[in-house]
Amino acid sequence: MFPETRLRRLRQSAGIRKMLDAPLPGPEKFIWPAFVIEGAAKREPIESMPGQSRLSVDQLLIDLEPVVESGVGGLLLFGLVEDSEKDHAGTAAYNDKGAVQCAIREVKDKFPELVVAADVCVCAYTDHGHCGPLTESGVVDNDAANETLAKIATSYAAAGADIVAPSSMMDGQVQAIRAALDTNAFDQTLLMSYSTKFASAMYGPFREAEKSMPGKGDRKGYQASYGDLRTALRESEFDEAEGADMLMVKPSLFYLDVLAKVRETTDLPLAAYNVSGEYSMLHATAERGWGDLKGMVQESTAALVRSGADILISYWANQYNALFRD
Ligand code: PBG
Ligand code: ZN
């Protein structure tokens, strides 16, 4: 105790601080989420997410060059289709010639070492914007959704994805997808479940990017409630039991306690999804001159690692050198 012990001794120089501090995560821990559209030479900046755009596959390949060069470990693909291709069940999501399937093939061809993941959901492909087809009473039909999700995951695996990542929060989606993959001889395709995914107000910029805002209602009937922690934790437990290879907590900065709790109770790799609203929040603060972007990004990312994240799904990933190196 003071005055014999002085904790400031442990912080007195940059050299000592560097020796004691946990290092910032290396680029290999990061997965960059990117939005792909059909066509060529297309680049549509997303207003609410500075530094992120919807890209046609040729443009994605161009943007990936420096990202791969910086050492970033992975890519998580989200697709979009024209409104005319959307239908009740989101069948365009398993089109073998869809933007995501093409992107998987071309990215794996050009950057074979990069880990390629693809989001398995239908909200960007349904005409009503929900994460599965609706019953007559207007709720998402869980088991019918699972059949579509299994087809989507299989089409991604066939295109060469390393990881399929179901995000629709249907009961049994992990089991349905694993069974479909194994039946089709994709037993090496990894399944990273968005296992504890909350109904969050932090997905706004993403839904602008993906044009996937539900036409009516919200996603509270299927995404976890932040008020009910125990059920949210069971979501991850169930997904582990159903055969998920990796778990996820999403959003992440508002859920560090959940990240730490899931970390304590599983030995599976755990991903934190640092979502769009969390990205835009820091950008908006920096833009107003109310905070230093690099400082805020490093501090918040360190919190995710401290709380137990092994893998960081983060829009900062395509700016790794600028934000995480001196
Ligand atoms: C689709 C999906 C969403 C996100 C990832 N997959 C949006 C949603 O559930 O409404 C959010 C990602 C982000 O905000 O960065 N199921
Ligand atoms: Zn969805």
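Asp162 has a relative accessible area of 24% and is partly exposed. That class lies between buried (under 20% relative accessible area) and exposed (over 50%), using a 1.4 Å probe and protein chains only. The model is predicted; local features need pLDDT of at least 70, side-chain atom pairs count only at pLDDT 80 or more, and totals for chains, interfaces and linings use all residues. Side-chain values use heavy atoms, without hydrogens and water, and residues are numbered from 1 along each chain as its sequence is written.

Asp162 meets Lys108 in a salt bridge, 2.8 Å from N to O. Asp162 sits in the loop between helix 4 (142–159) and strand 6 (163–166), and Lys108 in helix 3 (residues 99–110), so the pair ties together parts that are 54 residues apart in sequence. A salt bridge here is a side-chain nitrogen of Lys or Arg within 4 Å of a carboxyl oxygen of Asp or Glu. Helices (H or I, at least four residues) and strands (E, at least two) are DSSP runs, numbered from the N terminus.

## Helix 2 to strand 2

Asp63 pairs with Arg43 in a salt bridge; their closest N and O atoms are 2.6 Å apart. Asp63 belongs to helix 2 (residues 57–69) and Arg43 to strand 2 (residues 43–45), so this contact ties together parts that are 20 residues apart in sequence. Asp63 is partly exposed at 22% relative accessibility. Arg43 is partly exposed too, at 39%.

## Other salt bridges

The structure holds 9 salt bridges. One of them joins Arg105 and Asp96, at 3.3 Å from N to O. Arg105 is partly exposed at 33%, and Asp96 is partly exposed at 42%. Arg178, Asp182 and Asp245 form a network of salt bridges.

Notes. Chains are lettered from A and ligands numbered from 1 in the order in which they are written.
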